[in-house]
Amino acid sequence: MKDKIVTGLANDGHIRIMAISSTQMVQEAKDRHDLWPTASAALGRLMSVSALLGAQLKNEDEVISVRIDGDGELGLMRVDAAKTGAVRGFVMNPHVMLVNDDKHLDVGKAVGKGTLSVSRNYGLKNEFTSSIELVSGEIGDDFAMYFTQSEQLPSVVSVGVLVNKDGNIDAAGALLIQMMPGHTESDINMAEYVVEHLKPISQMIQEKMTPEMIVTSLFNDTDVLAESAVEFKCHCNHDKMRETLKTLTVNDLTELAHEDDGATLECQYCNTHYHFDKKDLMDIIQEKKHVEDSQA
Ligand SMILES: [Zn+2]
(Lines give C-alpha, C1' and ligand atoms only; values in the text may rest on other atoms or scores of the structure.)
Protein backbone atom coordinates (compact mmCIF):
# COMPACT_ATOMS: atom_id res chain seq x y z
CA MET A 1 0.00 0.00 0.00
CA LYS A 2 1.49 3.33 -1.08
CA ASP A 3 1.47 6.15 1.44
CA LYS A 4 -1.31 8.64 0.95
CA ILE A 5 -3.55 11.27 2.49
CA VAL A 6 -7.32 11.32 2.16
CA THR A 7 -9.53 14.23 3.25
CA GLY A 8 -13.27 14.02 3.81
CA LEU A 9 -16.12 16.13 5.17
CA ALA A 10 -18.99 14.74 7.23
CA ASN A 11 -22.11 16.07 8.98
CA ASP A 12 -23.00 18.74 6.41
CA GLY A 13 -19.40 19.90 6.22
CA HIS A 14 -19.15 20.48 9.97
CA ILE A 15 -16.54 17.79 10.58
CA ARG A 16 -13.31 17.45 8.62
CA ILE A 17 -11.54 14.10 8.66
CA MET A 18 -8.02 13.54 7.33
CA ALA A 19 -6.17 10.24 7.39
CA ILE A 20 -2.64 9.38 6.30
CA SER A 21 -0.90 6.06 5.87
CA SER A 22 2.80 6.81 6.27
CA THR A 23 4.53 3.46 6.83
CA GLN A 24 6.96 3.82 3.90
CA MET A 25 7.76 7.45 4.67
CA VAL A 26 8.66 6.61 8.27
CA GLN A 27 10.65 3.54 7.18
CA GLU A 28 12.67 5.76 4.86
CA ALA A 29 13.32 8.24 7.69
CA LYS A 30 14.44 5.29 9.84
CA ASP A 31 16.81 4.02 7.12
CA ARG A 32 18.27 7.43 6.25
CA HIS A 33 18.89 8.54 9.83
CA ASP A 34 19.52 5.14 11.48
CA LEU A 35 16.69 5.86 13.93
CA TRP A 36 16.37 3.70 17.02
CA PRO A 37 12.82 2.66 17.94
CA THR A 38 11.79 5.57 20.20
CA ALA A 39 13.30 8.06 17.73
CA SER A 40 11.41 6.32 14.86
CA ALA A 41 8.15 6.63 16.80
CA ALA A 42 8.73 10.30 17.68
CA LEU A 43 9.95 11.54 14.30
CA GLY A 44 7.46 9.26 12.51
CA ARG A 45 4.55 10.75 14.47
CA LEU A 46 5.78 14.29 13.83
CA MET A 47 6.23 13.64 10.09
CA SER A 48 2.80 12.00 9.79
CA VAL A 49 0.86 14.89 11.38
CA SER A 50 3.01 17.51 9.63
CA ALA A 51 2.14 15.86 6.31
CA LEU A 52 -1.55 16.48 7.08
CA LEU A 53 -0.77 20.16 7.71
CA GLY A 54 1.13 20.24 4.42
CA ALA A 55 -1.88 18.80 2.61
CA GLN A 56 -4.06 21.63 4.01
CA LEU A 57 -1.92 24.27 2.23
CA LYS A 58 -3.46 26.11 -0.71
CA ASN A 59 -0.52 26.47 -3.11
CA GLU A 60 2.03 24.07 -4.57
CA ASP A 61 4.99 26.28 -3.52
CA GLU A 62 3.98 26.49 0.14
CA VAL A 63 5.77 24.55 2.86
CA ILE A 64 4.91 23.92 6.49
CA SER A 65 7.92 23.83 8.83
CA VAL A 66 7.35 22.22 12.18
CA ARG A 67 9.79 22.04 15.06
CA ILE A 68 9.70 20.51 18.49
CA ASP A 69 12.24 21.88 20.93
CA GLY A 70 12.08 19.46 23.83
CA ASP A 71 14.45 18.97 26.76
CA GLY A 72 14.35 15.15 26.49
CA GLU A 73 16.96 12.82 25.01
CA LEU A 74 15.83 13.32 21.40
CA GLY A 75 16.66 17.03 21.32
CA LEU A 76 15.42 19.22 18.48
CA MET A 77 13.17 17.64 15.82
CA ARG A 78 12.35 19.42 12.56
CA VAL A 79 10.05 18.50 9.70
CA ASP A 80 9.17 20.26 6.44
CA ALA A 81 6.00 19.20 4.63
CA ALA A 82 5.04 20.60 1.24
CA LYS A 83 1.68 20.80 -0.51
CA THR A 84 3.23 18.47 -3.13
CA GLY A 85 3.44 15.65 -0.56
CA ALA A 86 7.21 15.90 -0.09
CA VAL A 87 8.09 15.48 3.59
CA ARG A 88 11.55 15.53 5.16
CA GLY A 89 12.74 15.60 8.74
CA PHE A 90 15.43 14.87 11.28
CA VAL A 91 15.96 14.44 14.99
CA MET A 92 19.09 15.73 16.71
CA ASN A 93 19.75 12.43 18.50
CA PRO A 94 18.53 9.49 16.39
CA HIS A 95 19.84 6.86 18.82
CA VAL A 96 17.14 6.89 21.47
CA MET A 97 15.49 3.77 22.87
CA LEU A 98 13.29 4.51 25.89
CA VAL A 99 10.42 2.29 27.07
CA ASN A 100 7.93 2.89 29.87
CA ASP A 101 6.78 0.45 32.56
CA ASP A 102 4.26 -1.10 30.14
CA LYS A 103 7.08 -1.82 27.67
CA HIS A 104 5.73 0.78 25.24
CA LEU A 105 8.07 3.21 23.48
CA ASP A 106 8.14 6.28 25.72
CA VAL A 107 7.88 9.13 23.22
CA GLY A 108 6.65 11.63 25.83
CA LYS A 109 9.71 11.15 28.00
CA ALA A 110 12.10 11.13 25.04
CA VAL A 111 10.66 14.45 23.79
CA GLY A 112 10.39 16.04 27.26
CA LYS A 113 9.07 19.50 28.01
CA GLY A 114 9.29 22.32 25.51
CA THR A 115 7.49 23.88 22.58
CA LEU A 116 5.84 22.94 19.28
CA SER A 117 6.15 25.60 16.56
CA VAL A 118 4.55 25.68 13.14
CA SER A 119 5.53 28.11 10.35
CA ARG A 120 3.97 28.53 6.95
CA ASN A 121 6.46 29.50 4.28
CA TYR A 122 5.66 30.93 0.88
CA GLY A 123 8.75 30.63 -1.30
CA LEU A 124 11.50 32.16 0.82
CA LYS A 125 9.12 34.27 2.89
CA ASN A 126 8.33 33.12 6.39
CA GLU A 127 4.75 34.25 6.64
CA PHE A 128 3.49 33.10 9.99
CA THR A 129 4.75 31.23 13.04
CA SER A 130 2.69 29.95 15.91
CA SER A 131 3.98 28.19 19.03
CA ILE A 132 2.48 26.31 21.94
CA GLU A 133 3.85 24.67 25.08
CA LEU A 134 3.97 20.88 24.67
CA VAL A 135 1.12 19.13 26.48
CA SER A 136 2.65 15.67 26.91
CA GLY A 137 5.35 15.35 24.25
CA GLU A 138 3.37 12.41 22.83
CA ILE A 139 2.82 14.56 19.71
CA GLY A 140 -0.86 13.66 19.07
CA ASP A 141 -2.03 15.61 22.17
CA ASP A 142 0.37 18.40 21.36
CA PHE A 143 -1.03 18.89 17.86
CA ALA A 144 -4.62 18.66 19.15
CA MET A 145 -3.78 21.60 21.43
CA TYR A 146 -2.09 23.43 18.54
CA PHE A 147 -5.18 23.12 16.31
CA THR A 148 -7.51 24.15 19.11
CA GLN A 149 -5.39 27.10 20.31
CA SER A 150 -3.77 28.43 17.16
CA GLU A 151 -6.34 27.60 14.51
CA GLN A 152 -9.43 27.82 16.75
CA LEU A 153 -10.61 24.43 15.47
CA PRO A 154 -11.41 21.91 18.23
CA SER A 155 -9.53 18.80 17.06
CA VAL A 156 -8.62 15.27 17.93
CA VAL A 157 -5.37 13.78 16.63
CA SER A 158 -4.61 10.08 16.68
CA VAL A 159 -1.11 9.22 15.51
CA GLY A 160 0.96 6.09 15.85
CA VAL A 161 4.03 4.25 14.66
CA LEU A 162 4.45 0.51 15.25
CA VAL A 163 8.09 -0.55 15.34
CA ASN A 164 8.77 -4.28 15.09
CA LYS A 165 11.44 -6.30 16.88
CA ASP A 166 14.13 -5.69 14.25
CA GLY A 167 13.56 -1.93 14.42
CA ASN A 168 11.67 -1.64 11.12
CA ILE A 169 8.32 0.08 10.74
CA ASP A 170 5.28 -2.23 10.72
CA ALA A 171 2.67 0.51 10.40
CA ALA A 172 2.46 4.27 10.69
CA GLY A 173 -0.38 6.71 10.25
CA ALA A 174 -2.36 9.61 11.62
CA LEU A 175 -5.98 10.66 11.83
CA LEU A 176 -7.25 14.19 12.34
CA ILE A 177 -10.88 14.96 13.21
CA GLN A 178 -11.68 18.69 13.27
CA MET A 179 -14.81 20.65 14.04
CA MET A 180 -15.28 23.19 11.26
CA PRO A 181 -16.82 26.67 11.64
CA GLY A 182 -20.60 26.42 12.08
CA HIS A 183 -20.52 23.10 13.94
CA THR A 184 -23.30 22.39 16.41
CA GLU A 185 -23.60 20.67 19.79
CA SER A 186 -24.83 17.49 18.10
CA ASP A 187 -21.79 17.44 15.78
CA ILE A 188 -19.58 17.60 18.88
CA ASN A 189 -21.51 14.80 20.58
CA MET A 190 -21.25 12.60 17.52
CA ALA A 191 -17.51 13.28 17.15
CA GLU A 192 -16.97 12.50 20.84
CA TYR A 193 -18.79 9.20 20.43
CA VAL A 194 -16.64 8.31 17.40
CA VAL A 195 -13.43 9.25 19.20
CA GLU A 196 -14.35 7.17 22.27
CA HIS A 197 -14.74 4.09 20.09
CA LEU A 198 -11.71 4.71 17.92
CA LYS A 199 -9.10 1.99 17.48
CA PRO A 200 -5.47 3.15 17.48
CA ILE A 201 -4.67 4.45 13.99
CA SER A 202 -1.50 2.35 13.72
CA GLN A 203 -3.60 -0.76 14.36
CA MET A 204 -6.05 0.22 11.59
CA ILE A 205 -3.14 0.69 9.16
CA GLN A 206 -1.61 -2.62 10.26
CA GLU A 207 -4.97 -4.30 9.59
CA LYS A 208 -4.65 -2.99 6.00
CA MET A 209 -7.33 -0.34 6.23
CA THR A 210 -6.65 2.33 3.59
CA PRO A 211 -6.97 6.05 4.40
CA GLU A 212 -10.22 6.15 2.32
CA MET A 213 -11.65 3.27 4.35
CA ILE A 214 -10.68 5.00 7.59
CA VAL A 215 -12.08 8.40 6.55
CA THR A 216 -15.40 6.96 5.34
CA SER A 217 -15.87 4.46 8.19
CA LEU A 218 -16.25 6.93 11.05
CA PHE A 219 -19.37 8.96 10.20
CA ASN A 220 -22.44 8.09 8.14
CA ASP A 221 -22.34 10.64 5.35
CA THR A 222 -18.73 11.38 4.50
CA ASP A 223 -17.75 12.92 1.18
CA VAL A 224 -14.19 12.27 0.11
CA LEU A 225 -12.80 15.62 -1.08
CA ALA A 226 -9.20 14.97 -1.90
CA GLU A 227 -6.58 12.29 -2.12
CA SER A 228 -2.85 12.84 -2.53
CA ALA A 229 0.41 10.92 -2.47
CA VAL A 230 3.00 11.58 0.22
CA GLU A 231 6.62 10.49 0.54
CA PHE A 232 9.95 11.20 2.21
CA LYS A 233 11.62 13.60 -0.20
CA CYS A 234 14.30 16.21 0.28
CA HIS A 235 15.01 19.00 -2.22
CA CYS A 236 18.70 19.34 -1.44
CA ASN A 237 21.23 18.92 -4.28
CA HIS A 238 24.88 19.42 -5.18
CA ASP A 239 24.35 22.96 -6.53
CA LYS A 240 22.60 24.17 -3.37
CA MET A 241 25.38 22.70 -1.21
CA ARG A 242 27.94 24.43 -3.43
CA GLU A 243 26.15 27.74 -2.76
CA THR A 244 26.44 27.03 0.97
CA LEU A 245 30.19 26.42 0.60
CA LYS A 246 30.48 29.68 -1.32
CA THR A 247 29.40 31.60 1.79
CA LEU A 248 32.68 30.58 3.51
CA THR A 249 35.64 32.97 3.38
CA VAL A 250 38.48 32.48 0.87
CA ASN A 251 40.75 31.68 3.83
CA ASP A 252 38.48 28.92 5.12
CA LEU A 253 38.02 27.51 1.62
CA THR A 254 41.79 27.53 1.05
CA GLU A 255 42.24 25.62 4.30
CA LEU A 256 39.66 23.04 3.18
CA ALA A 257 41.34 22.73 -0.23
CA HIS A 258 44.57 21.75 1.52
CA GLU A 259 42.92 18.88 3.38
CA ASP A 260 43.70 15.55 1.71
CA ASP A 261 40.08 14.57 1.12
CA GLY A 262 38.54 17.98 0.39
CA ALA A 263 35.24 18.82 2.02
CA THR A 264 32.13 16.76 2.66
CA LEU A 265 28.85 18.43 3.55
CA GLU A 266 25.82 16.54 4.73
CA CYS A 267 22.18 17.53 4.47
CA GLN A 268 20.74 17.35 7.97
CA TYR A 269 17.25 16.54 6.68
CA CYS A 270 18.02 13.50 4.54
CA ASN A 271 21.60 12.61 5.52
CA THR A 272 22.84 12.77 1.91
CA HIS A 273 26.58 13.52 1.72
CA TYR A 274 28.01 15.88 -0.88
CA HIS A 275 31.72 15.73 -1.60
CA PHE A 276 33.85 18.57 -2.97
CA ASP A 277 37.45 17.73 -3.92
CA LYS A 278 40.45 20.01 -4.15
CA LYS A 279 39.64 21.10 -7.71
CA ASP A 280 35.99 21.93 -6.83
CA LEU A 281 37.20 24.03 -3.91
CA MET A 282 39.83 25.83 -6.00
CA ASP A 283 37.12 26.63 -8.59
CA ILE A 284 34.90 28.12 -5.86
CA ILE A 285 37.85 30.20 -4.58
CA GLN A 286 38.50 31.47 -8.12
CA GLU A 287 34.83 32.44 -8.51
CA LYS A 288 34.89 34.30 -5.20
CA LYS A 289 38.12 36.10 -6.07
CA HIS A 290 36.65 37.05 -9.41
CA VAL A 291 33.56 38.54 -7.73
CA GLU A 292 35.72 40.40 -5.20
CA ASP A 293 37.94 41.81 -8.01
CA SER A 294 34.97 43.03 -10.00
CA GLN A 295 33.54 44.67 -6.87
CA ALA A 296 36.84 46.41 -6.03
ZN1 LIG B 1 18.56 16.64 1.84
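1. Helices here are DSSP runs of H or I with at least four residues, strands are runs of E with at least two, and both are numbered from the N terminus. By that count, helix H4 spans residues 140-150. Just after H4, Gln152 takes a positive phi of about 60 degrees.

2. This is a predicted model: local features need pLDDT of at least 70, side-chain atom pairs count only at pLDDT 80 or more, and totals for chains, interfaces and linings use all residues. Residues are numbered from 1 along each chain as its sequence is written.

3. Burial comes next. A residue is buried if 20 or more other C-beta atoms lie within 10 Å of its own, exposed if 12 or fewer, and partly exposed in between, with C-beta atoms placed from the backbone. In H4, the buried residues are Gly140, Asp142, Phe143, Ala144, Tyr146 and Phe147.

4. Strand S5 covers residues 86-91. Five of its six residues are buried, so S5 is largely enclosed by the rest of the structure.

5. Which strands pair with S5? Pairing requires at least two DSSP bridges between two strands. Strand S4 (residues 77-82) pairs with S5 in the antiparallel sense, over five bridges. Here Asp80 stands opposite Arg88 of S5. Three residues separate the strands of this hairpin, and Gly85 has a positive phi near 95 degrees. Strand S11 (residues 231-232) pairs with S5 in the parallel sense, over two bridges. Val87 has Phe232 of S11 as its bridge partner.

6. Ser50 deserves a look. This residue lies in helix H2 (residues 37-55). Is Ser50 buried or exposed? Ser50 counts as buried because it has 26 C-beta neighbours inside 10 Å. Contact means C-beta atoms, placed from the backbone, within 7 Å. Leaving out residues up to four places away in sequence, Ser50 touches Ile64, Val66, Val79, Ala81 and Val87. Ser50 and Ala82 are 32 residues apart in sequence, yet 9.2 Å apart in space, C-alpha to C-alpha.

7. Now the nonpolar cores. Each is a set of buried Ala, Val, Leu, Ile, Met, Phe, Trp, Tyr and Cys residues joined through C-beta atoms within 7 Å. The largest has 76 residues, and Ala42, Leu46 and Leu52 have the most contacts inside it. H2 supplies the largest share of this core, eleven residues. A second, separate core has five residues, including Leu256, Ala263, Phe276 and Leu281.

8. Ala42 has its own contact list. Residues up to four places away in sequence aside, Ala42 touches Leu74, Met77, Val91, Val107, Ala110, Val111 and Ile139.

Methods:
Contact = placed C-beta atoms within 7 Å.
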